[in-house]
Amino acid sequence: MIIKVMISDDHVLMREGIRQLLEFDGSIEVIEEAADGYECLEKIQTVKPDVLLLDINMPKKNGIEVLEEIRKKNMDVKVLILTVHNEVEYLLKAVDIGVEGYILKESESAELKKAINCIVNGENYIQPSLVPALNSRLINRNRDKVKIDSLTKREMQVLVNVANGMFNKEIALNLNISERTVKNHISNIFKKIEVNDRTQAAVFAIRNNLIKLF
């Protein structure tokens, strides 16, 4: 079985290099290329590849946005992100959306082919060097979820206001409560989410996307 691959990357030389690496042994055929996010989404529906090699840094629509669109429209394609980004937040976002694979451009051709074969066979493939950081982040996120679940609705509102940079007096006016009540809520919030000051509380709220809730 020949694996049909599409490459989406805005650098021509990168696409050409990947094509040569993949087609060397004859088991993989690159059937299409795209230079930006919109072109990628259009061509997927036309050529119907088995695997999409997707870069994150692309014009018009970046790789994460393309991945979101693919999953939203239930397109029948396995996605392997091929990127220079080794930051765990990019990987975590891609995993949350439902990517099948994530590999760095610095990888050797043998690992790239291994990743493609893995996802074609229904497995997921994450760059081995990124797995420890991903696992650690997932563990921390689970811990954060427990902390978030311990907050009352009012405490959540106060935390979001703190994250938005509001002072106690402003929070009191915004929520129609006394400043003393605000202080009590903040004290309880600090204990529950295990932080020591407003800056740490704001970072916690932003990291967990709580600001979008209100």
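These legends go with a set of close-up views of a predicted model.

**View 1. The whole chain, for orientation.**
Buried residues make up 45% of the 214. Now look at who touches whom: among contacts between residues at least 6 apart in sequence, 62% join residues at least 24 apart.

**View 2. The largest nonpolar core.**
Here you're looking at a core of 27 residues. Which residues have the most contacts inside it? They are Leu52, Leu54, Ile70, Val79, Ile81 and Tyr102. Helix 2 (37-47), helix 3 (63-72) and helix 4 (88-97) each give two or more residues to this core, and so do strand 3 (51-54), strand 4 (78-83) and strand 5 (101-104).

**View 3. Ile70 and its neighbours.**
Pick out Ile70, one of the residues with the most contacts inside the largest core. Leaving aside residues up to four places away in sequence, what does Ile70 touch? Its partners are Leu41, Ile44, Leu52, Met75, Val77 and Val79.

**View 4. Helix 4 and its cover.**
Four residues of helix 4 to find here are Leu91, Leu92, Ala94 and Ile97, and they are buried. What covers the buried residues of this helix includes helix 3, strand 4 and strand 5, along with strand 6 (125-126) and helix 6 (131-150). A handy thing to know while you look: an α-helix has 3.6 residues a turn, so residues three or four places apart point the same way. Just past the end of helix 4, check out Gly98, which takes a positive phi of about 115°.

**View 5. Ile193 in helix 9.**
Ile193 sits in helix 9 (residues 179-193). Is Ile193 buried or exposed? Its relative accessible area is 1%, so Ile193 counts as buried, the cut-off being under 20%. Not counting residues up to four places away in sequence, Ile193 touches Lys147, Leu151, Leu159, Ala201 and Phe204. For a sense of distance, the C-alpha atoms of Ile193 and Val88 are separated by 22 Å, with the two residues 105 apart along the chain.

Terms used. Residues are numbered from 1 along each chain as its sequence is written. This is a predicted model: local features need pLDDT of at least 70, side-chain atom pairs count only at pLDDT 80 or more; totals for chains, interfaces and linings use all residues. Side-chain values use heavy atoms; hydrogens and water are left out. A nonpolar core is a set of buried Ala, Val, Leu, Ile, Met, Phe, Trp, Tyr and Cys residues joined through side-chain atoms within 4.5 Å. Buried means under 20% relative accessible area, exposed over 50%, partly exposed in between (1.4 Å probe, protein chains only). Contact means heavy atoms within 4.5 Å.
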